[in-house]
Amino acid sequence: MDDRRDRLRALGELLRRLRKDAGLTGKDLASRAGVTQPTISQIETGQLLPLPETVERLVQALQLSSEARAELDVLLTRLREEVSRLKGGLAGRESANATRVRAAHQVASFQSAMMPALLQTADYARLALAIGRGVDEDAVSRAAAVRVEAQSILFQQGREFSFVLTEGAVRTWPGPASLMQAQFDRLVQVSTLPHVRVGVVPWSVQVPRFPLHGFTIFDGTASMVESLTAEHTLTDVDDVRVHVETFEAFAEVAVYGEELRTLLARVGTELQQLGTRPN
């Protein structure tokens, strides 16, 4: 309980400082954000955990600079962790991640071991959420449903999405060849959207850096890294810069368009052959 109070107090202090930096009174901010003044007061005094939708309204109302947006990401991270803890389990975490994506205008994801969450089919998502976690089937199904529903943002105008995968991520098959073929079809489909770029770094290319882990960059101000047990959000300018530079380096040697489709077709054929081999 004390930890929760500390988190709520930290959220409130940050919001109060950002509001004052913007030259707004509590009443002004409430009016701009379309919330009640008591709501602002309760958040700033650590008495209320704001809903993700409320936080998004505050983001728009404060019209923050890039530096302040980086600070705000810390607020969103704490909120996401609290929401996840309160809702419990994988579904709460997925809901919080969806909120983060909805708040971003530019998302860049590099993955070296698995498909990005925003590109996963429902079957792939269930396996990605279940394998090695020791959670029950119902919890996995709920979380997968939230993850897949969040993908509708890919079809919204005014946003930019960039995905770069290594061939190793493409060839990591958690399920049968038919599941992977459906996943490859999904990659091809999404890659045709005008504001979405999907590329794969083939094994025939010398990598520009060691792909130690995957990460997702939000608006160039924060990068989220998923480990085996938790997710870690980096907001330090130097840390984010390294991730941006790493993403760009891999993006430069990736294949796109027709070359991407040819690569996926070849890998799909090879996985199909592996799947039909006798044990």
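Predicted model: local features only at pLDDT ≥ 70, side-chain atom pairs only at ≥ 80, totals over all residues.

Student: What is the order of the strands in the open sheet?
Tutor: The sheet has six strands with mixed pairing. Strand E3 (196–201) and strand E6 (231–234) each pair on one side only, so they are the edge strands. Neighbouring strands are turned by 15 degrees against each other on average, direction ignored. The order is E3-E2-E1-E4-E5-E6.

Student: In E3, which residue is the bridge partner of Leu-165?
Tutor: E2 and E3 pair in the parallel sense over six bridges. E3 is mostly covered, with five of its six residues buried. The partner of Leu-165 in E3 is Val-200.

Student: Is Gln-111 buried or exposed?
Tutor: Gln-111 lies in strand E1. Leaving out residues up to four places away in sequence, Gln-111 touches several residues, among them Val-164, Leu-165, Phe-215 and Thr-216. Its relative accessibility is 15%, and buried means under 20%, so Gln-111 counts as buried.

Student: At what angle does helix H11 run to E4?
Tutor: Helix H11 spans residues 237–253. This helix lies across strand E1 (106–111), strand E2 (160–166), E3, strand E4 (215–218), E5 and E6. Its angle to E4 is about 110 degrees.

Student: How many nonpolar residues has the contact of H7 with H10?
Tutor: The axes of helix H7 (residues 122–130) and helix H10 (residues 177–191) come within 9 Å and cross at roughly 115 degrees. H7 contributes Asp-123, Tyr-124 and Leu-127, while H10 contributes Leu-179, Met-180 and Gln-183. By class, one residue of the contact is polar and one is charged, and the number of nonpolar residues is four.

Student: Turning to charged pairs, how many salt bridges does the count come to?
Tutor: Side chains of opposite charge can pair when their charged atoms come close. The cut-off applied is a side-chain nitrogen of Lys or Arg within 4 Å of a carboxyl oxygen of Asp or Glu. By this rule, the count of salt bridges is 13.

Student: How many residues apart in sequence are the parts that Arg-19 and Glu-44 tie together?
Tutor: Arg-19 and Glu-44 form a salt bridge whose closest N and O atoms are 2.6 Å apart. Arg-19 lies in helix H1 (residues 2–21) and Glu-44 in helix H3 (residues 37–44), so the pair ties together parts whose separation in sequence is 25 residues.

Student: Are Arg-19 and Glu-44 buried or exposed?
Tutor: Arg-19 has a relative accessible area of 10%, and Glu-44 has one of 9%. Buried means under 20%, so both residues are buried.

Student: Where in the chain does Arg-209, the salt-bridge partner of Glu-245, lie?
Tutor: The side chains of Glu-245 and Arg-209 meet at 3.8 Å, N to O. Glu-245 is partly exposed at 32% relative accessibility, as is Arg-209 at 33%. The two residues are 36 apart, Glu-245 being in helix H11 and Arg-209 in the loop between E3 and E4.

Student: By about how many helical turns are Arg-241 and Asp-238 separated?
Tutor: The side chains of Arg-241 and Asp-238 meet in a salt bridge at 3.8 Å, N to O. Both residues are in helix H11, three residues apart, so their separation is about one helical turn.

Conventions. Residues numbered from 1 in each chain as written. Heavy atoms only, no water. Pairing = 2+ DSSP bridges. Helix = DSSP H or I, 4+ residues; strand = E, 2+ residues; numbered from the N terminus. Axes fitted to C-alpha atoms, helices over the stretch in contact; angles between N-to-C directions. Contact = heavy atoms within 4.5 Å. Nonpolar A, V, L, I, M, F, W, Y, C, P; charged D, E, K, R; others polar. Buried < 20%, exposed > 50% of the residue type's maximum accessible area, 1.4 Å probe, protein only.
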